[in-house]
Amino acid sequence: MTIHSYLNKTTKAASLAVFRILFGLLMIISLIRFTSLGWIDKLYISPELFFSYLGFSWVKPLGQWTYLLFAICGFSAIGVTIGYKYRISIIIFFLSFTYIELMDKTTYLNHYYFVSVMAFLMMWLPMHRYYSFDAYRNDNLRAQYIPRWTVDAIKLVLGIVYIYAGLAKINYDWLINALPLKIWLPGSYDLPLIGGLLEQPWMAYTFSWGGMIYDLTIPFLLLWKPTRKVAFFMVIVFHLLTRVLFPIGMFPFIMILSTMIFFDSRVHERILDVFAKIIGKSKNIFDNGSSAIYRIKENRNFSIFIVSIFLVLQLLIPFRYLLYPDNLYWTEEGYRFSWRVMLMEKAGTASFKIVDGETKKRFYVDNRDFLTSFQEKQMATQPDMIIEYAHYLRDHFTNQGHQNIEVYVESYVTLNGALSKRFIDPEVDLTKESNTWRHKEWILDN
Amino acid sequence: MKKISQLGLALFFATLSTVWIGCGDDMPDPSADNDQFDRSVMLEHWVDGFIIPGYKSYLEAIDSLDAKAKKFVADPDISRLNDLRNNFGFAYNAWQEVSMFEIGRAEELALRKHTNIYPTNREEILSNIISETYNLTLPSTFDQQGFPAIEFLIYAVSETDLLIVDLFNSNVAYKTYLTDLVTKIRILTGEVYTNWTTGYREMFIEDDGSSASSSVNRMVNDYLFYYERFLRSGKIGIPAGVFSGSPLTNNVEALYTFTPTLSKSLYLNSLSSFKNFFEGKSKYNGNGPSLSEYLSYIQTLTSGANISSAIEAAIDNAIEVSNGLDDDFYIQVEEDNSKMLATYDALQEVTVLMKTDMLSALNVSVDYVDADGD
């Protein structure tokens, strides 16, 4: 099969329509949940300072306007769900959601990143040609078939998520010591039925190895028709189990519903029939037999070009940690955006010492004056946050009239239950160091 | 066929949403004593070995403080003043044993803020006495009441003991203010004690789950918060200038007390109470399950580091370093602050072990951070 003929293959548009609707619905629910838990104020309005990603220090919460930002994000999610002005909706959704995620590094979660990744991909795919408001109103847009590669691109991203999560689990602590699950599982000793078993070491080993094998094989089991149903059942069990054991919010539901893309389009058509019953709008008028063709060939090629580059980047980014020396879990250089999900138990304390370089007068900072307890907890184990905070403190105390400021940190971190060790070189004046992509020499060896 | 699969789909979504809703933090835990370490027995020991008897003996100490204060204001003289001061010392010491239990009703009432905010506000106290209009329930008056305010009135409101007695003799407003201060902590403490003995004890013990709002999690958080803020920083770090660069002698606890000065004894009492609670050594109810034992139990599951003995060693080291301090922290800060700073460093080692190693091992989330993880 040549590339050309692959790109011209089509499949039912119902697949993308179902994905669009479920994705949109979950986003609406997630945003409502986030808002109703009071997290907008707690995470984005009340904190004194916010931790930025390199190059994105201009992305900050907008004070009370942050609520508007969430509202815009929510309305665009509704637009995506019903397929109303889809392109604009998904672009606004991607931009607003990603903006929210960039506002504070503290809240980084793989599943938020997953949402941004998916939303970006969806900007380039014809998700709105079938069972959407747009296609309902405009019969030029309506199409029963779409290019097959568009569905495959979504499957590939899901495959990457699972396989990279599985590869990350192939490490000594996870497989040989069953850490951190040995630490985490006993914490749920009070669950019905399985609670008592969770303290057994063999349970931790079962979960560790099972999780690794699950992650590495599930995309293939979902792809292959004979195993698909069993695989989907495993997806449900696995993710619901993680939902019960760990505080991971919406992630399990996002993954369960996303993997439904692996079913063939007849299943998706049936799901649309259910939707049709609920809202009383049949999908029949969309079954026009036509195939979504890009109006201009360059448009199609441009989409394919962007999506290809994006997918290649997705394959490469998780491996960037190889460019850094030392233990990845200790330094966390190249840790994020790599589908390293629930991989380590890490905790720390960091107290910052402000020294007047001339008089040698010194005092310690009470972190609570500047950080929320959540930020303090996250900062204490992540070197890029430690240096960002150190620079913030330098600027703060300089503005207060202090001079010749030097900032040192006394920090200790425990990784996977080992006794805590010094994390950052206490002799290094962090005001002299910069926060870059380069390896941070002032992180001590684990 | 179509009907059946639609039904199947509907069922699938229904199950999904049920699990979703059912997964709240407050899931009941019918099988809570599945594991070998019984948290409810530890909670019981905390309540029956530390909290309830601690409050009881503190309440008795306040009662006799109250009696001595009444005696003093009825007919102020030097011997009654000294009697009052003695009992003030007993009560202030008894407070150090329960201050860390700011949980439940104590938390709702802000008992600690009503009881021990220092330095006390001398100007406001005097203006309260003169104006005779004050409302001790207002948060703005926290620094005008409690032990530090009583201390100011009975040790330092005038230059000599004789002058203090004269002041109380000649001015009924002083008597009223002193009585009001003692009554205030007596009422609040009584409420906290009654709450523990009429139902809260059982509620606290029964809530032995693993959620962020369970008793063990809340207690560990409050216990650590107390240690960091009020013991390590409040009693040592802040007066030694750890957070300000230069010493703040006015921030010494029990600043005005003399013969004996109380600052060191209050601090040591607080530190040993902290240690006893960690090790489960109750002076009222013998030894029992404790955080230390819990950590050792976890260690057998994870074959991780021996955190409990590391913490015990760090606390013992802090006590040893502290023993070298002057009885009067004011003098210690003024004359050789380096010893105060060394004490702070020793206390900080305990903070590190507890906040990193202990919380990590026990799966306790800091300050109920209820954001998602992944």
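B:Pro119 sits in the loop between helix 5 (111–115) and helix 6 (122–131) of chain B; helices (H or I, at least four residues) and strands (E, at least two) are DSSP runs, numbered from the N terminus. The peptide bond that joins B:Tyr118 to B:Pro119 is cis.

This is a predicted model, in which local features need pLDDT of at least 70 and side-chain atom pairs count only at pLDDT 80 or more, while totals for chains, interfaces and linings use all residues. Residues are numbered from 1 along each chain as its sequence is written, chains are lettered from A and ligands numbered from 1 in the order in which they are written, and side-chain values use heavy atoms, with hydrogens and water left out.

**Backbone**

Most residues other than glycine have a negative phi, and most peptide bonds are trans.

| Cis peptide bond | Omega |
|---|---|
| A:Leu179 to A:Pro180 | about 5 degrees |
| B:Tyr118 to B:Pro119 | about 0 degrees |

A:Pro180 is placed in the loop between helix 9 (172–176) and helix 10 (181–184) of chain A. B:Glu132, a residue other than glycine, has a positive phi, near 60 degrees. B:Glu132 belongs to the loop between helix 6 and helix 7 (146–156) of chain B.

**Interface of chain B and chain A**

On chain B, 56 residues are in contact with 66 residues of chain A, where contact means heavy atoms within 4.5 Å. About 5400 Å² is buried between the two chains, and carbon and sulfur atoms give 59% of it; buried area is the accessible area (1.4 Å probe) that two parts lose on being put together, summed over both.

The rule finds 3 salt bridges across this interface, a salt bridge being a side-chain nitrogen of Lys or Arg within 4 Å of a carboxyl oxygen of Asp or Glu. B:Arg229 and A:Asp366 form a salt bridge with their side chains, at 2.4 Å from N to O. Helices of chain B that each supply at least two residues of the side touching chain A include helix 10 (215–237) and helix 14 (329–362). Helix 1 of chain B gives the most to that side, with 9 residues.

**Sheet in chain A**

Chain A has an open sheet of 4 strands in the order 4-3-5-6, with antiparallel pairing; two strands pair if DSSP finds at least two bridges between them. Strand 4 (362–364) and strand 6 (421–422) of chain A are at the edges, each with a single partner strand, so one side of each has no neighbour in the sheet. Strand 5 (residues 405–415) and strand 6 of chain A pair in the antiparallel sense over 2 bridges. A:Arg422, in strand 6 of chain A, is the bridge partner of A:Tyr412.

**Salt bridges over all chains**

The structure holds 35 salt bridges over all chains. In one of chain A, the closest N and O atoms of A:Asp273 and A:Lys283 are 3.8 Å apart. A:Asp273 lies in helix 14 (residues 265–279) of chain A and A:Lys283 in the loop between helix 14 and helix 15 (297–316) of chain A, so the pair ties together parts that are 10 residues apart in sequence.
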